[in-house]
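The following note sets out points for a colleague reading this model. Please consider them alongside the sequence and the coordinates.

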Amino acid sequence: AIETRRTKRTNRKAQMFLTLLSSLRYLLRQGLAVRGHGDDSEGNLSQLLKARAEDSIALQKWIKTGSYQSPEVLNELTNTIGAEVLREVLNGIKSSRWFSIIGDETRDISNSEQLSISIRWVDKDYSIHEDFIGMFKVPKTDAETLSLAIEDVLVRCVLPISQCRGQAYDGASNMAGPKSGVAARILQRQPTAIPVHCLCHCINLCLQDVSRKCKCIRDALDLVYELVGLIKYSPKREHLFTQYQLQDSPNIHRLKPLCPTRWTCRTGSINAVIENYAVLQQTLEEIAETCRDEYGRKAAGFQALMGKFSTFFGLKLAHVVFGASEQLSTTLQSKDTTAQDARLAVNLCKAFYDRQRDASAFQIFYQAVLLEANGKTEPPTLPRYSNPPKRINDGDANFRFATAEHYHRREYFEIMESLSGELDARFDQKGFHLAALVEATILDNCSGKSYPIPKEVQDLYSKDLNIDRLQTQLSMLPDLVKSYVLEGKQITKLLHQQQKELFQRCGVSSPT
């Protein structure tokens, strides 16, 4: 009888512990805090257990004992659950054989440098995964420290660096330096780990560089940032803006703050200012007249700026520039995007900018801006010219534009040419071209033209693949697709569904 009671008591405690564990797992899954501020009895875990105890008298009694509810025990359970989740993720990565590294460093709120590491891999069904491994504190962010940290994480995760087939970082010198950066150091240990500069980060850098060079774009972004800050960060001023907006156009978009890091997400903020241009002018006039503090003076200054045609022209030009890049960024952000998709998207974006580098395109744009600015701004005027100091004046007459249109034409073509050049420079990556070449080798052979495997691909993967067998298998691809009218990514999907054995016969379990 004593043994029976002991067994029942043990089983009951085990059941209560499992209830605690499931409640903790739920909070962790939803990203909710476990404990409260100061008093743990008011924390999310305690309240969740009390809610579940309403249907269980045994759980009510067990909660009062406080068993397994101390901060130390809960932290240990949290770490155990996290380790189990990571173990499951790593099991999937190991089964795929090949993987790629995605890394980035950042500073957290406690002023500590953290290295974020993710792994990109492909499962047996040819589905792409990008799994976050963790944040790892590093004492400094030089290339040697970061590369050693990445190698240490791979060792702890039992992921041999010899199976790494790709790297993706930002363009900082410590990460992408050609001689001693993190990518170069890992490439020395594993030559098949192709480094690629993050494509979305490339777009960000393009827009940053162009915005610094073009004054009208730079001034437009500064105005949007300051305007939204003036209106949004005061309930009184935002209420005033909302009242004018409801009277004028109740269906237009509300103001949005500029994203501080993702430049390609700024189109919505710029568009909101353009749509609310007249409403903002009314709001600023009211603030300038009623406020006698620094915000009233700021409002008067912004009102004067918005009355100039050059300000409206800069906003419209920024909207064109950022709108096209946002579409490109959306395409590149998908984890299912192929190298062909990325190259096509970049070429389309570049073609759009090149098409704007035309006199007729400028005339259409300029006339549309003139028409829309009518009644909102003053007529276009030339900026004030200042004579250079005599000590640097060589006596030649300074060049001056004949009309305001000629001046804005210069700004327009300057930014379009800069964008085209930046896209060419940022996406001219050896690693990206090599990845696209591997993909093109498969797609080109689908057309029945029987392209040979490029020498770069043979040299890179000679230890991974049976090249002769792969060439034979590639020559059989047209028989698979001859009854289909497919192009590009659709062919890739067909290969993924029906020809998994094609790669396996060549000695590859799953390509990355």
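**Note on the predicted model**

1. Overall content. The protein has 23 helices and five strands; these are DSSP runs (H or I of at least four residues for helices, E of at least two for strands), numbered from the N terminus. This is a predicted model, in which local features need pLDDT of at least 70 and side-chain atom pairs count only at pLDDT 80 or more, while totals for chains, interfaces and linings use all residues. Residues are numbered from 1 along each chain as its sequence is written, and side-chain values use heavy atoms, with hydrogens and water left out.

2. Of the 512 residues in the protein, 42% are buried; buried means under 20% relative accessible area, exposed over 50%, and partly exposed in between (1.4 Å probe, protein chains only). The accessible surface is about 28900 Å², and carbon and sulfur atoms account for 52% of that area. The areas come from the Shrake-Rupley method with a 1.4 Å probe, and for residues only the protein chains shown count as cover. Among contacts between residues at least 6 apart in sequence, 67% join residues at least 24 apart, where contact means heavy atoms within 4.5 Å.

3. Helices H1 and H3. Two packed helices are described by the angle between their axes and the distance between the axes. The axes of H1 (residues 2-29) and H3 (residues 57-65) come within 10 Å and cross at roughly 80°. The axes are lines fitted to C-alpha atoms, for helices over the stretch in contact, with angles running from 0 to 180 degrees between N-to-C directions. On the H1 side the contact involves Arg12, Met16, Phe17, Thr19 and Leu20, which meet Ala58, Leu59 and Trp62 in H3. By class, this contact has six nonpolar, one polar and one charged residues. Here Ala, Val, Leu, Ile, Met, Phe, Trp, Tyr, Cys and Pro count as nonpolar, Asp, Glu, Lys and Arg as charged, and the others, Gly among them, as polar.

4. Helix H4. Helix H4 (residues 71-96) has 26 residues and reaches 38 Å from its first C-alpha to its last, close to the 38 Å expected at 1.5 Å a residue; the expected span is 1.5 Å times one less than the number of residues. Its buried residues are Leu74, Leu77, Ile81, Leu90, Gly92, Ile93 and Ser96. These residues pack against H1, helix H2 (44-53), and the strands S1 (99-107), S2 (113-122) and S3 (128-137). After H4 comes Arg97, with a positive phi near 80°.

5. Lys94 is found in H4 and, at 37% relative accessibility, counts as partly exposed. Its C-alpha atom is separated by 9.7 Å from that of Asp123, 29 residues apart along the chain. Leaving aside neighbours within four places in sequence, Lys94 is in contact with Cys157, Val158 and Leu159. Val158 lies in the loop between helix H5 (143-156) and strand S4 (164-169). Val158 is not a glycine, yet has a positive phi of about 55°; at 53% relative accessibility, Val158 counts as exposed.

6. Asn111. Another positive phi in a residue other than glycine, near 65°, belongs to Asn111. Asn111 lies in the loop between S1 and S2 and counts as exposed at 56% relative accessibility.

7. Helix H11 and its partners. In H11 (residues 267-275), the buried residues are Thr267, Ser269, Ile270, Ala272, Val273 and Ile274. They pack against the helices H9 (215-232), H12 (277-290), H14 (309-333) and H16 (359-373).

8. Ala220, in H9, counts as buried at 4% relative accessibility. Its C-alpha atom is separated by 9.3 Å from that of Ser310, 90 residues apart along the chain. Not counting residues up to four places away in sequence, Ala220 touches Gly314 and Leu315. Phe313 is found in H14 and, at 0% relative accessibility, counts as buried. The C-alpha atoms of Phe313 and Leu370, 57 residues apart along the chain, are 8.5 Å apart. Beyond neighbours within four places in sequence, Phe313 is in contact with Phe365, Tyr366, Val369, His408, Glu411 and Tyr412.
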